[in-house]
Amino acid sequence: MAGIYIHIPFCKQRCTYCDFYTEVAPGFIPSLVEAIVLELKIRKDYIQNLPINTIYFGGGTPSILSVEQFSRIFEAIDSLYSVAEDAEITFEANPDDLTVEFLNAIRPLPFNRISIGIQSFDDCDLKRINRRHSSLQAIKAVKDTQNAGFDNISIDLIYGLPFQTLEAWEKQLDTALDLQVQHISAYGLTYEEGTLLWKQRENGAIETVDELIMNKMYLLLVEKTKHKGFEAYEISNFALPKYRSRHNSSYWKQEPYLGVGPSAHSYDLISRQWNVSSIAEYMKAINTHATFFEREVLSLNDRYNDFVMVSLRTTDGLDVSKMEKEFGTDLAAYCLRNIKTFTDSEKVYYSDGKLRLTADGIQISNLILIQLMKV
Ligand code: SF4
């Protein structure tokens, strides 16, 4: 099985925390859609005729595309790739794009999952991070999406936003859980260098949330989602039974995927490649059959690092015999030697041949993962 990821690098405005490659350049949309169709043709053999299990439109803001533009891309995928009948087909949307008209118009398209970037239900938070929508718009967007017949909805939230208190986060979670969505992705805020939010922190213009409160916020997230029947199947991802994101899971299971569009990444089990992060350069290269990506062949250590990093973040855990089989006894011994201090201190536990993080371990997951990396 394999996946297709399509990057739509347009945003109507920049959120202050975001360091993804996007541009505010709607005039480029029609020609970019044609370039994406061309790339789908050029790279038809990248995943070697494997059936496509997941298709994911991410961004940026895919919900900026019209029904005709989505249809054009789907026609290309259908004619060039073999898409599994039960494939998971997702697009990311901003709440203010999910009008009743738009939802009704896209209903006939093959989408069976929508991921809505809400981030916060607090209007002060939303203004501060320069989101386009209000809390009421977010709630209405989820309800309208449900009323339009979509029954696999994910929402994105961020905890630890500037000035956020534990009580405010609890309120956010209650609002989110009342909406009866099937999946929640919740990430602790990180300050990425060069973003406006990072500069605001450097200038002392905002109040950050300290690590202790961040940890409490995370524990509250785990507790409240669990109480409502969600499974924490990865550190930042929570799903009702049978609603794990197959797109995310395929990354974690290290299945191959083709990434199309400016700055999209691809993986074919032996190498990673990434397209140029410029709409103009990407379109020019695609249209003139020039090179539009860089490629890196993964060493054994790279593949081991990826395996440890992704598997330890999931509740399925790190399969020790799989690690020995795929990366050899030396790297497996290195991992087991370095993880011992964390199993001894109950940050990691071993059962059924798998290593998994405990609740305490999740709080220091980055520290644990650094100790296990092999350079
Ligand atoms: S809408 Fe999404 S991709 Fe665009 S700036 Fe905001 S967070 Fe980044």
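This is a predicted model: local features need pLDDT of at least 70, side-chain atom pairs count only at pLDDT 80 or more; totals for chains, interfaces and linings use all residues.
Residues are numbered from 1 along each chain as its sequence is written, and side-chain values use heavy atoms, with hydrogens and water left out. Local features need pLDDT of at least 70 and side-chain atom pairs count only at pLDDT 80 or more, while totals for chains, interfaces and linings use all residues.

Q: How are α1 and α10 oriented to each other: roughly parallel, roughly antiparallel, roughly perpendicular or oblique?
A: Helices are DSSP runs (H or I, at least four residues), and strands are too (E, at least two), numbered from the N terminus. Axes are lines fitted to C-alpha atoms, for helices over the stretch in contact, and angles run from 0 to 180 degrees between N-to-C directions. Helix α1 (residues 29–42) packs on helix α10 (residues 279–287) at about 50 degrees, with the axes 10 Å apart. Under 35 degrees counts as roughly parallel, over 145 as roughly antiparallel, 65 to 115 as roughly perpendicular and the rest as oblique, so α1 and α10 are oblique.

Q: Which residues in α10 does α1 meet?
A: Contact means heavy atoms within 4.5 Å. On the α1 side stand Ser-31, Leu-32, Ala-35, Ile-36, Leu-38, Glu-39 and Ile-42. In α10 they meet Ile-279, Tyr-282, Met-283, Ile-286 and Asn-287.

Q: How do α6 and α8 lie relative to each other, roughly parallel or roughly antiparallel?
A: Helix α6 (residues 166–178) and helix α8 (residues 211–227) have axes 10 Å apart. Their packing angle is about 25 degrees. That makes α6 and α8 roughly parallel.

Q: How many charged residues are in the contact of α6 with α8?
A: Leu-166, Trp-169, Glu-170, Leu-173, Asp-174 and Leu-177 in α6 meet Ile-213, Lys-216, Met-217, Leu-220, Leu-221, Lys-224 and Thr-225 in α8. Ala, Val, Leu, Ile, Met, Phe, Trp, Tyr, Cys and Pro count as nonpolar, Asp, Glu, Lys and Arg as charged, and the others, Gly among them, as polar. The contact of α6 with α8 has eight nonpolar and one polar, and its charged residues number four.

Q: How many charged residues are in the contact of α12 with α14?
A: The axes of α12 and helix α14 (residues 365–372) come within 9 Å and cross at roughly 145 degrees. Tyr-334, Cys-335, Asn-338, Ile-339 and Phe-342 of α12 touch Ile-368, Gln-371 and Leu-372 of α14. Six of these residues are nonpolar and two polar; the charged count is none.

Q: Is Thr-343 buried, exposed or partly exposed?
A: Thr-343 sits in helix α12 (residues 320–344). Buried means under 20% relative accessible area, exposed over 50%, partly exposed in between (1.4 Å probe, protein chains only). At 26%, Thr-343 is therefore partly exposed.

Q: Is Ser-263 buried or exposed?
A: Ser-263 is in the loop between β9 (257–260) and β10 (265–267). Beyond four places in sequence, it touches His-7, Tyr-21, Asn-275, Val-276 and Ser-277. Its relative accessibility is 14%, so Ser-263 is buried.

Q: What kind of aromatic pair do Tyr-251 and Tyr-257 form: stacked, edge-to-face or tilted?
A: Rings of Phe, Tyr and Trp (its six-membered ring) pair if their centres lie within 6.5 Å; planes under 30 degrees apart are stacked, over 60 edge-to-face and the rest tilted. The whole structure holds 19 aromatic pairs. Tyr-251 and Tyr-257 are 4.6 Å apart centre to centre, with 50 degrees between the planes, and the pair is tilted.
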